[in-house]
Amino acid sequence: IGIITAPGDRRNEDLREVGRLSARLDRVIVREDKYRRGREPGEITQLIIEGLKENGMIDSQIDVIYNESDGLTSALTQMEDNDLVFVLADDVPAVLAQLDRLAADRPL
């Protein structure tokens, strides 16, 4: 499961390429950074989704969750045994803190 995004100041083709490359995953959660670098809300997401679909992903494999923390929670909820969650994080310390909190609540 990938939680993906890209900075808004990249070319449209670069954003689509993020999607094309991520289409190798089983599921994807597309989100946007807080600072879209000049892009309209949803524009980055749409371009990434275009790339995902160009390489064969279907709607049922794609979720759009704009908030990073909510996206991580969703991915971890969807996880099954032997799954891997890949996060392109905007706020790395916050993501690590969230994982620490979740790990403390759910001992192995």
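Guide: Let us begin with one residue of this predicted model: Asp9 has a relative accessible area of 45%.

Visitor: Why is Asp9 called partly exposed?

Guide: Buried would require under 20% and exposed over 50%, and because the 45% of Asp9 falls in between, Asp9 counts as partly exposed.

Visitor: What makes the contact of Arg37 and Asp9 a salt bridge?

Guide: The label asks for a side-chain nitrogen of Lys or Arg within 4 Å of a carboxyl oxygen of Asp or Glu, and since the side chains of Arg37 and Asp9 meet at 3.2 Å, N to O, the pair meets that condition. Arg37 is partly exposed, with a relative accessible area of 47%.

Visitor: How do you know that Asp63 and Arg27 form a salt bridge, and which parts does the pair tie together?

Guide: Their side chains meet at 2.8 Å, N to O, which is within the 4 Å cut-off, so the name applies. Asp63 belongs to strand S3 and Arg27 to the loop between H1 and S2, and the pair therefore joins parts 36 residues apart in sequence. Asp63, at 24% relative accessibility, counts as partly exposed, and Arg27 is partly exposed as well, with a relative accessible area of 23%.

Visitor: Are Arg31 and Glu68, which also meet in a salt bridge, buried or exposed?

Guide: Arg31 is buried, and so is Glu68, while their side chains come together at 2.8 Å, N to O. Arg31 is in the loop between S2 and H2, whereas Glu68 is in helix H3, 37 residues apart.

Visitor: How many salt bridges does the structure hold?

Guide: The structure holds 12 salt bridges, and a network of them links Glu13, Arg16, Glu17, Arg20, Glu50 and Glu54.

Visitor: What span would be expected of helix H2, and what span does H2 reach?

Guide: With 12 residues, H2 is expected to span 16 Å at 1.5 Å a residue, and the distance from its first C-alpha to its last is 17 Å, close to that expectation. Among the buried residues of H2 are Ile48 and Leu52, and the buried residues of this helix pack against S1, H1, S2 and S3.

Visitor: Which residues touch the most other members of the largest nonpolar core?

Guide: Val30, Ile48 and Leu52 do, in a core of 13 residues, to which H2 gives the most, with 5 residues.

Methods. Residues numbered from 1 in each chain as written. Predicted model: local features only at pLDDT ≥ 70, side-chain atom pairs only at ≥ 80, totals over all residues. Heavy atoms only, no water. Core = buried A, V, L, I, M, F, W, Y, C linked by side-chain atoms within 4.5 Å. Buried < 20%, exposed > 50% of the residue type's maximum accessible area, 1.4 Å probe, protein only. Helix = DSSP H or I, 4+ residues; strand = E, 2+ residues; numbered from the N terminus. Expected span 1.5 Å × (residues − 1). Contact = heavy atoms within 4.5 Å.
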